[in-house]
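These notebook entries record what I looked up in one structure. I began with charged residues and then turned to packed helices.

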Amino acid sequence: MGSETLQIVNEGSKLLSSDRKVRRSHINFAILLSLLLLVVISAYLLISSFFAYPAIDGDAKTYFPPITAFASGRGLINPVMSESMYYDPTGGNRFVFHGYLFQILIGAIAWGKDAAAIFTSARLLIAAIISLNAAFSLFMFCHVTRSTQVSKWKRAAYVSAALLGVMSALDYDPGRPEPYATFLVMSGACLMIITQWQFHWIIGGCFIGLLMATHPIACYLSFLLLSACMTTYYEWKSCLFVIARIILLSILTFASTLLIYPHTLTEWLSGCLRQMKDLALSESFSPLQHLQIFAHEWFISADGPFLYGLTFLGLGGYACIKLYPRLRENIRWNLGFYFFLFLMAASFYAIGIRMPWRRYNALVFSPFVFASILYACNSTSQRDNLLPKGGPRKYQFVFPVVLSCFLLASVYFLREVTLFPVYLKHGLSFKNAREQFATALVRCGQMQVDTVLFPLTESYNQVTFESSLLEEPVDIPCIAKQQAYRGASQPPIIPGFKLVHDGFSKFVPKILGFEIASSPRGYNFAVYKNRTRDGAQERRLNRPIRRELVKSPEGWQNRKNLFFDSLLDFLARFNKSGKIN
């Protein structure tokens with residue numbers, strides 16, 4: 001009887017060891033295949049950035065010029081965005097209204113003899129940061145799929161498709177500060193994975209302090225997420241004490257970053273409050289208009305993560321619901337957990353649904369959403385995976401559905417990759433665009449320029465940057481209009497102006513006969529000359545007055561003015577007295 005029992009135990013141990021070996025080989029195969037994909041993605045990011053592709057648009061005019069200005073020795077200023085004069089009470093276009101840490105760090109590291117070389121090197125550094133974000137995401141994906149019940153091919157497909165899908169968020173609008181915030185969030189999360197839970201509050205406090213100096217909204221959301229995690233480690237008294245230590249450590253870390261910040265704390269707080277005022281007083285829309293904007297931003301936008309809402313909101317939300325029972329068993333302070341969970345849900349609703357055009361703040365946490373989906377798909381527990389109650393036979397539909405959602409989420413990134421050879425062959429390169437723009441500026445003297453073209457010149461005393469060019473006669477000698485993000489193959493007709501330089505590319509990128517973009521993602525532009533008069537100097541002299549009338553606090557008709565104005569007056573009094581530096 002004893003020998004039979006011993007034989008059964010030996011056979012069971014052999015089966016267990018063989019099962020572990022199979023799982024280990026499956027994991028190694030998935031890691032190897034995904035690492036190869038990561039190398040290809042990183043190579044694309046670095047090579048395309050070397051050629052300054054794609055031409056950055058949107059909010060890049062706000063956050064990128066301070067990098068090149070700091071690298072050129074002109075200080076942390078923004079000579080491109082005219083609204084910065086409103087945020088800076090001195091009128092010096094100082095960068096005092098958002099996180100500043102990575103603008104200073106990248107500006108200090110960027111190299112080059114001229115402005116063009118500095119711009120290219122800064123793009124390379126940002127591409128390196130995005131590549132690290134992809135590596136951190138891959139590490140997290142491999143970590144959550146280490147124990148699984150699917151085949152090695154499915155596991156490799158899951159991880160690789162998730163990596164492609166998350167790249168649409170990681171590489172979205174590289175001119176904004178989200179890549180820097182994602183780098184801090186993901187590096188802190190990966191450090192927590194490889195360290196013991198007793199040290200998580202230290203790691204979290206340090207990285208939250210750095211996030212405060214990089215991306216305040218991501219800092220707030222990360223603090224809520226970390227505090228919710230602390231409720232699974234400690235009882236309520238200990239948890240409150242740990243959260244207090246996290247806050248103190250984050251404040252000390254943030255204060256240490258002020259040592260390299262060239263402006264004062266009160267000036268930075270005043271600028272941030274002014275920007276918050278702009279965000280709080282944003283335009284209101286009817287329910288139908290809001291629904292249209294929501295659908296456009298999360299599902300059908302061609303210039304953003306295409307159909308990302310299907311994965312981020314739909315599949316990610318379903319995965320979190322499936323994982324909730326396991327998480328509920330580990331909660332030690334229920335009231336605190338649900339309090340922080342409510343704040344997180346309300347915050348994501350505000351920045352992702354109520355104001356869907358600011359979804360980029362939520363995209364910082366895309367790797368966590370994809371990791372949750374992967375964990376739910378690969379969990380060995382019947383309760384908290386996506387396996388239906390009907391059994392393994394019904395599991396067959398989960399794999400193609402999840403894989404299809406991941407691949408649909410990757411459409412935006414894959415399209416950018418596909419357009420890169422088109423840019424090289426048919427688009428106007430960054431170097432040639434700078435030469436053509438310099439020639440046009442010499443002929444015109446003064447020019448109103450579309451903001452996307454800001455990397456093409458440093459002659460800020462001769463150009464006026466505008467986000468949207470006027471479509472009617474104005475008192476300026478010339479207008480420069482870019483092509484890449486305006487969806488036009490031909491230069492539009494502007495009344496009162498004559499087209500003197502047509503640099504638009506007539507090539508329309510297509511795949512299998514389907515148009516994938518209206519033009520190459522190049523720096524192509526057209527120049528128009530005023531038919532009537534050259535009143536550029538008069539307009540430039542009158543422009544600050546007109547901006548002051550538009551941007552003055554008296555122009556905002558909203559009850560929230562009282563709150564923001566009183567805070568700004570309070571900070572101004574402290575700034576004058578010198579009590580806060």
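Is Glu267 buried or exposed? I noted first that the model is predicted. Glu267 has a relative accessible area of 15%; because the cut-off for buried is under 20%, Glu267 counts as buried.

**Entry 1: salt bridges around Arg94.** I looked up the partners of Glu267 and found a salt bridge between its side chain and that of Arg94, at 3.2 Å from N to O. This pair joins distant parts of the chain, 173 residues apart. Arg94 lies in the loop between helix H4 (84-87) and helix H5 (101-109), while Glu267 belongs to helix H12 (residues 265-280). Arg94 also forms a salt bridge with Asp88, where the closest N and O atoms are 3.0 Å apart. I then checked accessibility: Arg94 is buried at 15%, and Asp88 is buried at 0%.

**Entry 2: other salt bridges.** I recorded a count of nine salt bridges. One of them pairs Glu416 with Arg415, with the closest N and O atoms 3.8 Å apart. Glu416 is buried at 4% relative accessibility, and Arg415 is buried at 14%. Shared partners join the salt bridges of Asp59, Arg176 and Glu178 into one network.

**Entry 3: Glu178.** I located Glu178 in helix H8 (residues 178-194). Its relative accessibility is 7%, so Glu178 counts as buried. Setting aside neighbours within four places in sequence, I listed His215, Tyr360, Asn361 and Val364 as its contacts.

**Entry 4: helices H9 and H10.** How do H9 and H10 run relative to each other, roughly parallel or roughly antiparallel? The axes of H9 (residues 200-212) and H10 (residues 216-230) come within 8 Å and cross at roughly 165 degrees. Angles over 145 degrees count as roughly antiparallel, and therefore H9 and H10 are described in that way. The crossing is left-handed. Among the contact residues I noted Trp201 and Ile208 of H9, and Phe223 and Leu226 of H10. By class, the contact of H9 with H10 has 10 nonpolar, four polar and no charged residues.

**Entry 5: helices H6 and H16.** I found H6 (residues 115-144) and H16 (residues 366-378) packed at an angle of about 20 degrees, with their axes 9 Å apart. This angle makes H6 roughly parallel to H16, and their crossing is right-handed. The contact residues include Met140 and Phe141 of H6, and Phe368 and Leu374 of H16. I counted the classes in the contact of H6 with H16 as nine nonpolar, one polar and no charged.

Notes
Residues numbered from 1 in each chain as written. Predicted model: local features only at pLDDT ≥ 70, side-chain atom pairs only at ≥ 80, totals over all residues. Heavy atoms only, no water. Helix = DSSP H or I, 4+ residues; strand = E, 2+ residues; numbered from the N terminus. Buried < 20%, exposed > 50% of the residue type's maximum accessible area, 1.4 Å probe, protein only. Contact = heavy atoms within 4.5 Å. Axes fitted to C-alpha atoms, helices over the stretch in contact; angles between N-to-C directions. Parallel < 35°, antiparallel > 145°, perpendicular 65-115°, else oblique. Left-handed = near helix turned anticlockwise from the far one by under 90°. Nonpolar A, V, L, I, M, F, W, Y, C, P; charged D, E, K, R; others polar. Salt bridge = Lys/Arg side-chain N within 4 Å of Asp/Glu carboxyl O.
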